[in-house]
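I opened my notebook and worked through this structure one piece at a time. Here is what I looked up, in the order I looked.

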Amino acid sequence: MFAMSGRDSMEEVTITIPLVPPSLNVFYSGRHWAIRKALADEWHNAVWVICKKQKIKKITEFPVDIITQTYYKSKRERDTDNTILAPKLICDGLKLAGIIPDDNPKYIGTHIIKPPIIGYKEDMTVVKICY
């Protein structure tokens, strides 16, 4: 846990999304808007389903702090900044799931992107929400 938002004690919720974000380079490299939308919808739906399965309650203490880390089965090196789409896709999914009312700075204080882990047993993105 970390207390970036200035509170002494915080609760933490962890969700694991069985997806890895596309690199920013790939996402915007001439892809049609409908393909990008379909990918965003897949992430939003995955976040929504996981939140419902884990019975994550609507958060009422703000701002929240979020830590995101992506795990790749592949052993190919990855740049941390190429996972930059994950926070946007995750925060939009949390909003659509009703966990947070919005993803503006009033509700999300800090979003930390940790370096990706390569050579893991499966592809996934782990999200810690601290409030």
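At what angle do helix α2 and helix α3 pack, and how far apart are their axes? I found an angle of about 55° and axes 8 Å apart for α2 (residues 33-53) and α3 (residues 85-96). That makes α2 oblique to α3; angles under 35 degrees count as roughly parallel, over 145 as roughly antiparallel, 65 to 115 as roughly perpendicular and the rest as oblique.

Before going on, I noted that this is a predicted model, where local features need pLDDT of at least 70, side-chain atom pairs count only at pLDDT 80 or more, and totals for chains, interfaces and linings use all residues. Residues are numbered from 1 along each chain as its sequence is written, and side-chain values use heavy atoms, with hydrogens and water left out.

**Entry: the helix pair**

I jotted down how the elements are named: helices (H or I, at least four residues) and strands (E, at least two) are DSSP runs, numbered from the N terminus. The axes are lines fitted to C-alpha atoms, for helices over the stretch in contact, and angles run from 0 to 180 degrees between N-to-C directions.

Next I looked up who touches whom, where contact means heavy atoms within 4.5 Å. From α2, I listed L39, A40, W43, H44, V47, W48 and C51; they meet L89, I90, D92, G93, L94 and L96 in α3. I sorted the residues of this contact into 10 nonpolar, two polar and one charged. For that sorting, Ala, Val, Leu, Ile, Met, Phe, Trp, Tyr, Cys and Pro count as nonpolar, Asp, Glu, Lys and Arg as charged, and the others, Gly among them, as polar.

I then checked D92, which is found in α3. D92 counts as buried because its relative accessibility is 18%, and buried means under 20% relative accessible area, exposed over 50%, partly exposed in between (1.4 Å probe, protein chains only). Leaving aside neighbours within four places in sequence, D92 is in contact with H44 and D103.

How many of the residues of strand β5 are buried? I got six of the seven for β5 (residues 124-130), so this strand is largely enclosed by the rest of the structure.

Two strands pair if DSSP finds at least two bridges between them. I found six bridges between β5 and strand β1 (residues 12-17), which run antiparallel. Within that pairing, I15 has V127 as its bridge partner, and T16 stands opposite V126. With strand β2 (residues 64-72), β5 pairs over seven bridges, again in the antiparallel sense. There I noted D65, whose bridge partner in β5 is C130.

V127 is buried, with a relative accessible area of 0%.

**Entry: faces of the strands**

In a regular strand the side chains alternate between the two faces of the sheet. For β1, I wrote V13, I15 and I17 under the covered face, and E12, T14 and T16 under the uncovered one. In β2, both faces are covered: V64, I66, T68, T70 and Y72 are buried on one side, and D65, I67, Q69 and Y71 on the other. I also found that β2 joins strand β3 (residues 108-113) through five bridges, and the two run parallel. V64 stands opposite I108 in β3.

**Entry: two threonines**

T70 is in β2, and I read a relative accessible area of 2%, so T70 is buried. Leaving aside neighbours within four places in sequence, T70 is in contact with V20, P21, T83, P116, I117, M124 and T125. I checked T70 against V127 too: they are 57 residues apart along the chain, with their C-alpha atoms separated by 8.8 Å.

T83 sits in the loop between β2 and α3. T83 counts as buried at 3% relative accessibility, and its contacts, residues up to four places away in sequence not counted, are P21, T70, Y72 and I113.

Is K55 buried or exposed? K55 is exposed, with a relative accessible area of 69%. I also noted that K55 has a positive phi of about 55° although it is not a glycine. P63 lies in the loop between α2 and β2, and a cis peptide bond joins F62 and P63, with omega about 0°.
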